[in-house]
Amino acid sequence: TRTTAQWQAADAAHHLHPFTDFKSLSAKGTRVIVRGDGIYVWDSEGHRLLDAMSGLWCVNVGYGRRELIDAATKQLETLPFYNSFFQTTTPPAIELAELLAEITPPQFKHVFFGGSGSEGNDTVVRLVRRYWDLMGQPKRDVIISRHNAYHGSTMAGASLGGMSGMHQQGGLPIPGIEHIQQPFWFEQGRGHTRDEFGLTAARWLEAKIREVGPDRVAAFIGEPVQGAGGVIVPPDTYWPEVQRICDQYGILLVSDEVICGFGRTGQWFGCETFGFRPDLMTFAKGVTSGYIPLGGVMVGERLARVLIDEGGEFNHGYTYSGHPVACAVALANLRLLQREGVVERVREELAPHLAWHFEQLADHPLVGEVQTCGMMAALQLVKDKATSEVFDPTLEVGMVCRAHCFGNGLVMRAVGDRMIVAPPLVMSIAQLDEMGALIRQCLDLTLADLRS
Ligand code: PLP
């Protein structure tokens, strides 16, 4: 094996990392993660890190689960690949489609598979536009999304997304995508109750529909809780009002469940936690707990009936749509969630304990706001707790805090000055306590830096 310096040199010489300033790879080197077990990962220096981000919001059942490893091995031996094009398929793809129809809300009986969340959202764009074509309304092609959303990195995914910096690179968005403001109470809602603000934010959708023209709007897409944008938990009033508006104008509603799906919010799907009824649902990440790439779109009966009865061939698909090894791993992962009652335990035991920890952390002098939803949480760092004045962004206080986390055995993400976690859904209470204590320690170290 190699030393860390050797790994870093080879990496800087050859690997262009996603969402990374390439120059920093040669200047500072990269952290090389070599092993995982349970909720911990180890780097090439032997440091153990509590992975409070579940990899990238995906390793929901923790690292090293035998059932998933065995399912992959068995399927690799039996049939490592066959496709689902041209009227062929494989048993794992059939069984996974059947199980997804069982565990998703009742309007979903059909799935279209892909390899990732980004591909899922590209599929959404094509399915939505195809549906309106088949309905005889081809001009209805505009999809409304939100600022600071993340829907992936393909051309359509990144166009739907609204995170700063993404549209500037590569001439995005593609035509027919519109954005409205996100429901971010801390930034935009103060002076209102959360419930009032939720209604106001939902009505930005109605204003946009009127601006574009109701007969031009095909769909609205949103993450139940905006994840990569900083765990922006909407007020309870937001989604029911969005649902009402979509119903009123006959617009398709799409829930991007790539992060929220499969138990993260304390229900199987985020739309169940927030009380809305999507026509389409994108999923990825947690479907396999990240052990192997798989994503897709659940297609509600409103669309499926039209696509099946009137659509003819849908000219769309990926080599790895319904990949048998990925589907076998997903089956093992979902059955594990069912057998161990993971989603119920998140709702009844873990999420309340995580929320309790974050309520304690709200007392910290650096913390202006805390938000939690299921096993996701955010701490907004502020300069002045009394007035909620934020730091000068050039100080990069979030990055200072993140560095203390890494230095002290904790993986926590910084979105600007918003510190976020989305830990595995299978933690013990003692491990949650360990995480809470580590976060406080890192906040203290960050505060000490700011005062020195
Ligand atoms: N949608 C959401 C809500 C996501 O968080 C992500 C990834 O973080 C994606 C889509 C894109 O998924 P992928 O990276 O698998 O393409």
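How many Å separate the centres of domain 1 and domain 2, taken over C-alpha atoms? The answer is 26 Å. What you're looking at is a predicted model, where local features need pLDDT of at least 70, side-chain atom pairs count only at pLDDT 80 or more, and totals for chains, interfaces and linings use all residues. Residue numbers start from 1 along each chain, as its sequence is written.

**The two domains**

- Domain 1 covers 31-64 + 341-451, and domain 2 covers 67-340; bounds like these come from an automatic or database domain assignment.
- Where they touch, domain 1 puts in 26 residues and domain 2 puts in 24 residues (two residues are in contact if their C-beta atoms, placed from the backbone, lie within 7 Å).
- On the domain 1 side, H3 (54-57), H14 (342-361), S11 (367-373), S12 (376-381) and S15 (418-421) each supply at least two residues; helices (H or I, at least four residues) and strands (E, at least two) are DSSP runs, numbered from the N terminus.
- H14 gives the largest share of that side, with five residues.
- Sorted by class, that side of domain 1 has 17 nonpolar, six polar and three charged residues (Ala, Val, Leu, Ile, Met, Phe, Trp, Tyr, Cys and Pro count as nonpolar, Asp, Glu, Lys and Arg as charged, and the others, Gly among them, as polar).

**Around the ligand**

- There are 15 residues around the ligand, and Ser 116, Gly 117, Ser 118, Gly 152 and Val 258 come nearest (near means a C-beta atom, placed from the backbone, within 6 Å).
- Helix H6 (residues 117-134) gives the largest share of this shell, three residues.
- The shell splits into five nonpolar, eight polar and two charged residues.

**Helices H9 and H10**

- The axes of H9 (residues 194-212) and H10 (residues 238-249) come within 8 Å and cross at roughly 25°; axes are lines fitted to C-alpha atoms, for helices over the stretch in contact, and angles run from 0 to 180 degrees between N-to-C directions.
- H9 and H10 are therefore roughly parallel to each other (angles under 35 degrees count as roughly parallel, over 145 as roughly antiparallel, 65 to 115 as roughly perpendicular and the rest as oblique).
- The residues that meet include Leu 205 and Ile 209 in H9 and Val 242 and Ile 245 in H10.

**Helices H15 and H16**

- H15 (residues 397-407) and H16 (residues 429-451) have axes that come within 9 Å and cross at roughly 130°.
- That makes H15 oblique to H16.
- Among the residues making this contact are Cys 401 and Cys 405 of H15 and Cys 442 of H16.
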